[in-house]
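I opened the notebook to record what I looked up in this structure. The entries follow in the order I made them.

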Amino acid sequence: MNNIDSVKDCYGCGVCSTVCPKEIIRIEQNGYGFYEPKITESILCINCGLCIKVCSFTQGTLSETNPIVASYAAWSNDEQVRRKSSSGGIGFELGRHLIEEGYKVCGVRYNPQQNRAEHYIASTIEEFIPSIGSKYIQSYTVDALKGINPEDKYLVTGTPCQIDSFRRHIKRINIEDNFILMDFFCHGVPSKLLWDKYLSDVEKTTGKVIYASWRNKTTGWHDAWTMAINVETQGEKVNWHDSYNILLKGEKDFYNSRYSQGDPFYCLFLSDNCLGKACYDHCKYKYDRSAADIRIGDLWGKKYRNNKEGVSGVVTFTTKGDTALRQANCTLIEEPFEMVAEGQMKAPAQRGKLYEKLNTFLHNEKTGIKELHNLVMKENKKKKQINRLKHPIRTLLNLVKKIAK
């Protein structure tokens with residue numbers, strides 16, 4: 001195989017389209033609602049192989065595997081930035097600092113006209129503001145990546161798989177020195193079909209949605225937090241899911257919903273029943289595995305559990321990334337990596353029991369978000385009932401073992 005034509009259900013990073021010298025690779029959504037490449041005029045393909053060389057999906061290893069330089073609990077020193085960000089505002093502060101140093105930033109914003117997240121290039125701090133906050137849908141990258149001038153300096157942000165492929169591209173043409181790359185602790189990306197059905201239901205009352213904030217802090221960083229006891233290990237496990245608070249503003253009204261109150265989008269997304277196939281089968285970027293200079297995310301865990309403003313977990317993998325971070329307008333507290341990454345996934349998500357059924361329903365235009373949500377809620381209820389039966393048995397077995405010792 002010398003071109004990308006037979007690659008299906010990939011990361012959808014779009015770098016193959018960016019490097020194609022004949023400009024015949026288009027990135028479009030497949031039937032499952034995820035981006036993948038398609039060669040539009042195969043007769044024009046010159047079999048140069050560049051699309052495969054930059055494709056991290058087809059490679060067994062990462063383009064870069066650096067040891068950790070440092071790990072931090074971190075937050076912006078600007079109260080307004082911290083309030084608007086999903087956690088501590090480190091992504092924005094790093095971008096703001098680098099723009100002031102003459103860099104441009106290739107970040108992600110929400111495009112309400114096309115109901116999608118998309119990469120774009122910001123040259124000023126004002127242009128960079130729409131990138132604040134997490135976007136919990138797959139981003140379209142191609143237009144922005146094609147707009148990058150290799151002679152300029154950039155901060156490029158994205159999912160770990162997007163960054164890995166982009167690293168292969170800039171290494172190939174020897175321009176790595178002009179770039180700082182930042183990814184994040186990634187759960188996986190849900191189907192665009194799920195987001196479309198969700199919007200279709202919300203817009204019945206709000207009108208056309210013109211603004212989306214997936215981790216809005218109107219109720220604080222944590223809506224609430226709960227602590228459960230892991231029966232097998234007798235260890236504490238902190239559940240931070242209550243921090244997922246979505247705010248959508250429409251032309252007629254606004255919509256505010258929380259995971260802790262049963263928000264359909266978050267319930268379906270976090271059920272792991274509708275992620276991309278690559279997220280289950282080909283993700284090699286969990287925990288400390290990254291091709292970026294910097295990785296950011298929420299700092300879950302017991303130490304900062306009472307914080308209401310937001311704390312970022314930050315890991316630097318290169319001296320270049322660490323130096324840039326230290327120059328940004330942030331508070332940095334060096335912490336062990338295990339604490340910074342507490343609560344983050346160490347392995348790819350596993351398909352939920354409803355994966356096949358939900359994907360069939362996602363294709364069905366007549367099936368609404370509420371029907372999908374009801375399926376997941378029924379499955380969750382079954383799990384809770386089973387766990388209630390298991391826990392007393394496990395507790396009794398543990399007690400018997402202790403007595404036997």
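I count two strands as paired if DSSP finds at least two bridges between them. Helices (H or I, at least four residues) and strands (E, at least two) are DSSP runs, numbered from the N terminus.

The model is predicted: local features need pLDDT of at least 70, side-chain atom pairs count only at pLDDT 80 or more, and totals for chains, interfaces and linings use all residues. Residues are numbered from 1 along each chain as its sequence is written, and side-chain values use heavy atoms, with hydrogens and water left out.

I looked up the overall make-up. The protein has 14 helices and 16 strands. Of its 405 residues, 54% count as buried, that is, under 20% relative accessible area with a 1.4 Å probe, protein chains only.

Next I looked at strand β3, residues 70–76. Seven of its seven residues are buried. Ala70, Tyr72, Ala74 and Ser76 lie on one side, and Ser71, Ala73 and Trp75 on the other. In a regular strand the side chains alternate between the two faces of the sheet.

I then checked the partners of β3. Five bridges join β3 to β16 (residues 330–334), and the two run antiparallel; Ala74 has Leu332 as its bridge partner there. β3 also pairs with β15 (residues 312–316), antiparallel, over five bridges, with Ala73 opposite Gly313.

Note on methods: Buried means under 20% relative accessible area, exposed over 50%, partly exposed in between (1.4 Å probe, protein chains only).
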